[in-house]
Amino acid sequence: MAGVVNIPWYSTLFRSDQFEVALKEIAPVCLRYGATDFEVLRSNDDRYRFWQFAHFEAKADFEAYWYGPEFADWRADYTSWFQVPVVYSWFDRVIAGELARNEVGG
């Protein structure tokens, strides 16, 4: 069953801007593990808080990403840049939608 994983990150003091760059490194890697899309959100109210989302067809694909060598190395490299524990949540997608964008030809 398709699902969405949410990884809530909280960066450590004075590391939020650097941590944003670090998340831009690891988030796209999920596509190599079968994710259909991903996004990382940064709170406007608390600039240290980030939410990483990725959509997978199978939870096992997410677990391969989470425990895979790229993410393990990334966590080791940036371990002091975020607060632990990091507890991800798995959600079943109930409904989703978006507006189609009209492209202007020229």
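In this predicted model, Gln18 lies in helix α1, which spans residues 16-26. Its relative accessibility is 39%, so Gln18 counts as partly exposed. Between the C-alpha atoms of Gln18 and Ser80 there are 12 Å, although 62 residues along the chain set the two apart.

Helix α1 has a helical neighbour. Two packed helices are described by the angle between their axes and the distance between the axes. For α1 and helix α3 (residues 69-77), the axes come within 11 Å and cross at roughly 165 degrees. Angles over 145 degrees count as roughly antiparallel, and α1 and α3 are therefore roughly antiparallel to each other. The crossing of α1 past α3 is right-handed. On the α1 side, Phe19, Ala22, Leu23, Glu25 and Ile26 make the contact, and on the α3 side Glu70, Phe71 and Trp74 do. Of the residues in this contact of α1 with α3, 6 are nonpolar and 2 are charged, with no polar ones.

The strands come next. Four of them form an open sheet in the order β2-β3-β1-β4, with antiparallel pairing. β2 (37-42) and β4 (89-92) are the edge strands, each pairing on one side only. On average, and with direction ignored, neighbouring strands of this sheet are turned by 20 degrees against each other. Strand β1 (residues 3-10) runs antiparallel to β4 and is joined to β4 by 4 bridges. Val4 has Phe91 as its bridge partner in β4.

Helix and sheet also meet: α1 packs on the sheet and touches β1, β2 and β3 (49-56). The direction of α1 makes about 10 degrees with that of β3.

Methods
Residues are numbered from 1 along each chain as its sequence is written. This is a predicted model: local features need pLDDT of at least 70, side-chain atom pairs count only at pLDDT 80 or more; totals for chains, interfaces and linings use all residues. Side-chain values use heavy atoms; hydrogens and water are left out. Helices (H or I, at least four residues) and strands (E, at least two) are DSSP runs, numbered from the N terminus. Buried means under 20% relative accessible area, exposed over 50%, partly exposed in between (1.4 Å probe, protein chains only). Axes are lines fitted to C-alpha atoms, for helices over the stretch in contact, and angles run from 0 to 180 degrees between N-to-C directions. Angles under 35 degrees count as roughly parallel, over 145 as roughly antiparallel, 65 to 115 as roughly perpendicular and the rest as oblique. A crossing is left-handed if the near helix is turned anticlockwise from the far one by less than a right angle, and right-handed if clockwise. Contact means heavy atoms within 4.5 Å. Ala, Val, Leu, Ile, Met, Phe, Trp, Tyr, Cys and Pro count as nonpolar, Asp, Glu, Lys and Arg as charged, and the others, Gly among them, as polar. Two strands pair if DSSP finds at least two bridges between them.
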